[in-house]
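Visitor: I am new to this structure and would like a short tour. Could we begin with the terms that I will need?

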Amino acid sequence: MEPYKIKLDNIFEGPMDLLIHLIKKNEVDIYDIPIALITDQFLEYIGWMKSMNFDFAGEFLVMAATLTHIKSRMLLPVHEGEAEEEDPRLEITRPLLEYLQMKSAAESLVQRNLLGENTFVRNPPREAIRIAPEDEIIRAGLFELIDAFQKILEKLPTEHRVDLTADRISVKDRISEIVDILEVRGSVTFGELFSSDADKNEIIVTFLALLEMVKLSLIRIMQHVQLGIIRLFYL
Amino acid sequence: MMKDLKNIIESLLFIADGPLTVERIKNVLHLSDATEIRNMLKALSEEYEARGGGFFLREVAGGYQLRTRPEYTEFIKRLIQPNPQRLSKAALETLAIIAYKQPVIRSDIEQIRGVDCGGIIRMLLDRKLVRVLGRKEIPGRPLIYATTRHFLEVFDLKDLKDLPTPKEIEDLGDSQTETSGPPPSSIPEESAGSEEKKS
């Protein structure tokens, strides 16, 4: 048998790249992978990496285990009358196809007219807008936030009806709504996020969303020194 | 109706520091109807195309922006030194996965790429190509990622629907190992996906 030679100029980032390399090298059909052959070569490659004291990731071992498992399942006899099982190789074919699809998507992305690469825009001076001293803003702390939140709660009508039909919005959904607003506008005041007809549930969800966003460092919360207006800035 | 509407819009496009949305123009001009603005943008774009000058009007990231024609890149690069922060292949792949699969969590990205992507995701976040949408309410509450408006700007995309359709994988290696007959007709022949649409 011909020894399997490995070219040094192929440094694979992960097991998927190695698999793709082996499939291409052997010129086999991805929909009909000769699993025994590919598994052997894969293991051989891992052995080589070990012997070279190559620092390879555990992901290669996971893949090797998967391949070996598929290989063993291929050897099992198929009994007549049993529910038809799908080809065990699909376990590896499916992710391979998806990975290849994403690789080609990445290629087509980079072929576009990239900004700063193939096409340029005018660069307006960044410091054109200076903040006047009276417009000074400071970083708002948690207590200022809670104060502002209290004020909004006080404005709520003191009805204690619970509307069971209302759609409850989750904190997660509210975060993405706020992100959408900030994506467009860059900043928004605290008050604007709480519509006057919002119910208590909605107000609390919005407040929790804000706290979560600060924690994720998605936004910075600043307070105007004179006016006391709290503003959220998208980071 | 403003009689210099087209010129006014052109001046706004000239000075804007990012893609200018029709909505924004509408607000600036105190107009109630966007149809006329759209018509003017179309007229401007056609003028630039007819003139064939150094720049053109691109519809990008939900707005309109004047951009230099790719033909003159070489000279622009001599004038200004663009920061050559190229994305690595791994970074591009990760970005593509986030773009196509968003909203997506890290483990899903790593599932597709088969390798750890933590460092790359952090870099994409830093470069504002990717943003955190929140946390998924599953054990571990992993962060949810999506692409940004900046991503659309950099990759010259109108919106996410403008992403090129991922090509079906049909030509990996040689699908005919034994025969040398004609290629199977079932292979979908997709025309080159990198065609530039001219508007």
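Guide: Two strands count as paired if DSSP finds at least two bridges between them. With that in mind, please note that this is a predicted model.

Visitor: Which residue stands opposite B:Val104 in β5(B)?

Guide: The residue facing B:Val104 is B:Tyr145. Two bridges join β3(B) to β5(B), which covers residues 143-147, and these strands run antiparallel.

Visitor: In what order do the three strands of that open sheet in chain B come?

Guide: The order is β3-β5-β4, with antiparallel pairing. The edge strands are β3 (104-105) and β4 (130-135) of chain B, each of which pairs on one side only.

Visitor: Which strands of the sheet does α6(A) touch?

Guide: Helix α6(A) packs on the sheet and touches β4 and β5 of chain B. The direction of α6(A) makes about 150° with that of β4(B). Helix α7 of chain B, residues 118-126, also packs on the sheet, touching β4 and β5 of chain B, and its direction makes about 110° with that of β4(B).

Visitor: Staying with α6(A), at what angle does its axis cross that of α7(A)?

Guide: The axes of α6 (residues 171-185) and α7 (residues 200-215) of chain A cross at roughly 70° and come within 9 Å. Angles of 65 to 115 degrees count as roughly perpendicular, so α6(A) and α7(A) are described as roughly perpendicular to each other.

Visitor: Which residues meet there?

Guide: From α6(A), the residues include A:Ile175, A:Ile178 and A:Leu182, and from α7(A) they include A:Leu208, A:Leu210 and A:Met213. By class, this contact of α6(A) with α7(A) has ten nonpolar, one polar and two charged residues.

Visitor: How many helices and strands are there in chain A as a whole?

Guide: Chain A has seven helices and four strands. From the N terminus on, the elements run α-α-α-α-β-α-α-β-α-β-β. Of the 235 residues of chain A, 37% count as buried.

Visitor: And how many residues are in the largest nonpolar core?

Guide: That core has 82 residues, and those with the most contacts inside it are A:Phe42, A:Ile92, A:Leu96, A:Phe190, B:Phe151 and B:Phe155. Leaving aside residues up to four places away in sequence, A:Phe42 touches several others, including A:Leu18, A:Phe60 and A:Met63. Another core, of 18 residues, lies apart from the largest one, and B:Ile9, B:Leu20, B:Ile37 and B:Met40 are among its members.

Visitor: Where does B:Ala61 lie?

Guide: B:Ala61 lies in the loop between β1 and β2 of chain B. Six bridges join these two antiparallel strands, and B:Val60 has B:Gly63 as its bridge partner in β2(B). The hairpin has two residues between the strands, and B:Ala61 takes a positive phi near 50°.

Visitor: Buried or exposed, that B:Ala61?

Guide: The relative accessibility of B:Ala61 is 4%, so it counts as buried. B:Asp156, in the segment after α8 (149-154) of chain B, has a positive phi of about 60° although it is not a glycine. B:Asp156 counts as buried because its relative accessibility is 2%.

Definitions and conventions. Residues numbered from 1 in each chain as written. Chains lettered and ligands numbered in written order. Predicted model: local features only at pLDDT ≥ 70, side-chain atom pairs only at ≥ 80, totals over all residues. Heavy atoms only, no water. Axes fitted to C-alpha atoms, helices over the stretch in contact; angles between N-to-C directions. Parallel < 35°, antiparallel > 145°, perpendicular 65-115°, else oblique. Contact = heavy atoms within 4.5 Å. Nonpolar A, V, L, I, M, F, W, Y, C, P; charged D, E, K, R; others polar. Core = buried A, V, L, I, M, F, W, Y, C linked by side-chain atoms within 4.5 Å. Buried < 20%, exposed > 50% of the residue type's maximum accessible area, 1.4 Å probe, protein only.
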